[in-house]
Amino acid sequence: MNSPRPYTPRTGTAAQSLTERRKAATQLDIARAACELFAEHGPDGTTAEDIARRAGVALRTFYRYFRNKQEAVAPLLAGGGDEWRALLAEETPGTPLAEALERAITRSLTGTVAVEEGLRWTRGLLRASADDPALRAVWYRVNQDSEERLAPILTHLAPADTPPMTIRLLAAATTDAIRVALETWSTTDGPTTGPGSPADLAVQALHELTGGMPVLK
């Protein structure tokens, strides 16, 4: 089964060598295969051998990139953060930060068939992670990495006198707003767009988490 490439990262591609691009493509193929099998059989019913076979790679290739079957989904999950940070980085310094954040979040979670497909994959993975601590650990690590990568972008967009701790708090709050929104949405049969969608929930969560931050006034 060939699925679309949800959440394909948009940054850095031009600077990558052919070898790096092939490596990234192989990792995404393995990640998609893992997602498909987890959806079909659950993490407990899926082995690394199954994933390698579905992805059309040797088992040694699988272990060259990933330590275990749960780790295999990381590139797919991380792609969502890559997309949203790339959109935020497109914002012009001096744009009201609250406006820039909301626009980037909304754009990254709506609008294309690939995004909608990616959201459905994410919903399936988050549901599967409810009974799999190792899969949850991958999800949390991906979010922590996204938070750390977000801070320099916020530093560029925020007023020059913004304290470093404020930047860190904003990066944490924004990342958590998206994470909690996706986790909440995954427990429902809510739509991918409109009220109750990930974008709608993420903006609501952002308002609640950052409402008292002067940098967003």
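**Entry 1: G190**

I started with G190, which sits in the loop between α8 and α9 (198-210). I'm working from a predicted model, so I keep that in mind throughout. Is G190 buried or exposed? Its relative accessibility is 16%, and the cut-off for buried is under 20%, so G190 counts as buried. Next I asked which residues G190 touches, leaving aside its neighbours within four places in sequence. I found R123 and W185 in contact with G190.

**Entry 2: helix α2**

Then I went to helix α2, residues 48-55. Which of its residues are buried? I noted A48, I51 and A52. These three cover an arc of only 95° around the axis, which puts them on the same side of α2. That reminded me of a general rule: an α-helix has 3.6 residues a turn, so residues three or four places apart point the same way.

What do the buried residues of α2 pack against? My note says α1 (18-41) and α3 (59-65). I also looked just past the end of α2, where G56 takes a positive phi of about 75°.

**Entry 3: α5 with α8**

Now for helix pairs. I took helix α5 (residues 97-109) with helix α8 (residues 164-186). They pack at an angle of about 30°, and their axes are 12 Å apart. Angles under 35 degrees count as roughly parallel, so that is what I wrote down for α5 and α8. The crossing of this pair, α5 and α8, is right-handed.

Who meets whom here? On the α5 side I listed L97, L101 and I105, and on the α8 side L170, T174 and I178. Sorted by class, this contact of α5 with α8 has five nonpolar residues, one polar and no charged ones.

**Entry 4: α7 with α8**

Last, I checked α8 against helix α7 (residues 133-157). The angle is about 140° and the axes are 8 Å apart. That makes α7 oblique to α8. Is the crossing of α7 and α8 left-handed or right-handed? I have it down as right-handed.

The contact list takes up some space in my notebook. From α7 it includes W139, Y140, N143 and S146, and from α8 it includes I167, L170, A171 and A172. Also on it are E147 and L150 of α7, plus R179 and E183 of α8. By class, the residues of the contact of α7 with α8 divide into ten nonpolar, five polar and three charged.

How values were computed: Residues numbered from 1 in each chain as written. Predicted model: local features only at pLDDT ≥ 70, side-chain atom pairs only at ≥ 80, totals over all residues. Heavy atoms only, no water. Buried < 20%, exposed > 50% of the residue type's maximum accessible area, 1.4 Å probe, protein only. Helix = DSSP H or I, 4+ residues; strand = E, 2+ residues; numbered from the N terminus. Arc of directions from axis to C-beta. Contact = heavy atoms within 4.5 Å. Axes fitted to C-alpha atoms, helices over the stretch in contact; angles between N-to-C directions. Parallel < 35°, antiparallel > 145°, perpendicular 65-115°, else oblique. Left-handed = near helix turned anticlockwise from the far one by under 90°. Nonpolar A, V, L, I, M, F, W, Y, C, P; charged D, E, K, R; others polar.
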